[in-house]
Amino acid sequence: MYKIAFLGLGAMGERMASHLLAAGYPLTVYNRTASRTDALVAQGAIAAATPKAAVSDADVVISIVRDDEASRDIWLDPQTGALAGMKDGALAIESSTLSVDGIKFLAKQAQLQHIDFLEAPVSGSRPQAENGSLIFLVGGHPDLLERCRPVLQCMGATIQHTGTIGCGALAKLCTNTLMGIQVAAIAELIGMLRQQHVDPDKIMQAVANTAVWSPIADRNLSLMLQHQTAPLFPIELIEKDLRYTLSAMAQPSPVIQASQQLFYKGIKMNMGLQNMTAIAELF
């Protein structure tokens, strides 16, 4: 059975790593805030002081952190980075949501050090990480995916191979961009309905019975109408993802840019840590 190192124990990472322990994998964990390792250590994991130390004996290394900058720090720091500590034949898997340029740069650095590398960003938030129903959007060589498929299956219900490195990031950014635009549009529509002095719940439930609706819209609509803002997917993260999508565009994108600017306005109003649906409060 593979020895696994898991780097980054935020809301998603801690839940994902817990599934690996439950499946019996020997697990070493690292998190910048060391206290976040305590719960997993109590379940049988070993905590390491640095990413480099965490990966020294690992067959598979998985990282899920906030953004490009955090990813570069955890993998590429010259003193403590994971790539410098990985053994021959180990496989690196980046599950963070990165920019296309960010994931391609990281893959190139792994190649230069003769490290096998996959990107495997995930679609889903805390509930899906909790119950092991994440969707992995994998980019990289299919043989490497088959090598780690049993590991990913412990944490997710669906594994989609999207193509070469960068395709996983593009699939994830397309997914989150569609979600962000939808959330922004629903927020504006709720505001319009309230201005028209009608019941937004009744009107939007009628809309939900048409072909234009999506499953996640039900949850997001409910959160908006109930003014529930506890973070499942914070505003600051959806804004980051929309920026990463814009950075991949070769031409102006007024719809995506308008949505990104709306979430950025939420951040400037100290709403960045609230769930993305809290943007409805602006209307």
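## Helix α8 against α9

Let's start with a pair of helices. α8 and helix α9 (residues 200–208) pack at an angle of about 130°, and their axes lie 9 Å apart. The model is a predicted one. Angles over 145 degrees would count as roughly antiparallel and those from 65 to 115 as roughly perpendicular, and α8 and α9 are therefore oblique to each other. The crossing in which α8 passes α9 is right-handed.

Sorted by class, the contact of α8 with α9 holds six nonpolar residues, one charged residue and no polar ones.

## Helix α8 against α10

How far apart are the axes of α8 and α10? They are 11 Å apart, and the two helices pack at an angle of about 45°. That angle makes α8 oblique to α10. The crossing of α8 and α10 is right-handed.

On the α8 side, the contact is made by M179, Q182, V183, I186, A187, I190 and R194. Their partners in α10 are I216, A217, N220, L221, M224 and L225. The contact of α8 with α10 divides into 10 nonpolar residues, two polar and one charged.

## Helix α8 against α11

Next comes α11. The axes of α8 and α11 cross at roughly 120° and come within 9 Å. The range for roughly perpendicular ends at 115 degrees, and α8 and α11 are therefore oblique to each other. Is the crossing of α8 and α11 left-handed or right-handed? It is left-handed.

Here α8 contributes L173, N176, T177, M179 and G180, while α11 contributes I238, D241, L242, Y244 and T245. By class, the contact of α8 with α11 has five nonpolar residues, four polar and one charged.

## The largest pocket

Now for the open space. The largest pocket holds about 1300 Å³. Its lining is made of 47 residues, and A11, M12, V65, R66 and L237 are the closest to its centre.

Which element gives the largest share of this lining? It is α8, with six residues. Several elements supply at least two lining residues each: α1 (11–22), α4 (68–76), β7 (122–123), α6 (126–131), α8 (167–195), α10 (215–225) and α11 (235–248). In terms of class, the lining of the largest pocket has 19 nonpolar, 16 polar and 12 charged residues.

## Putting it together

Helix α8 links the two parts of this report. α8 packs against α9 at about 130°, against α10 at about 45° and against α11 at roughly 120°. α8, α10 and α11 are also among the elements that supply at least two residues each to the lining of the largest pocket.

Terms used. Residues are numbered from 1 along each chain as its sequence is written. This is a predicted model: local features need pLDDT of at least 70, side-chain atom pairs count only at pLDDT 80 or more; totals for chains, interfaces and linings use all residues. Side-chain values use heavy atoms; hydrogens and water are left out. On a 1 Å grid over the protein atoms alone, a cavity is a set of points where a 1.4 Å probe fits but cannot get out, and a pocket is an open set with protein on both sides within 12 Å along at least five of seven lines; lining residues have an atom within 4 Å of a point. Grid points are joined across faces, edges and corners, and a volume is the space filled by probe spheres set on the points. Helices (H or I, at least four residues) and strands (E, at least two) are DSSP runs, numbered from the N terminus. Ala, Val, Leu, Ile, Met, Phe, Trp, Tyr, Cys and Pro count as nonpolar, Asp, Glu, Lys and Arg as charged, and the others, Gly among them, as polar. Axes are lines fitted to C-alpha atoms, for helices over the stretch in contact, and angles run from 0 to 180 degrees between N-to-C directions. Angles under 35 degrees count as roughly parallel, over 145 as roughly antiparallel, 65 to 115 as roughly perpendicular and the rest as oblique. A crossing is left-handed if the near helix is turned anticlockwise from the far one by less than a right angle, and right-handed if clockwise. Contact means heavy atoms within 4.5 Å.
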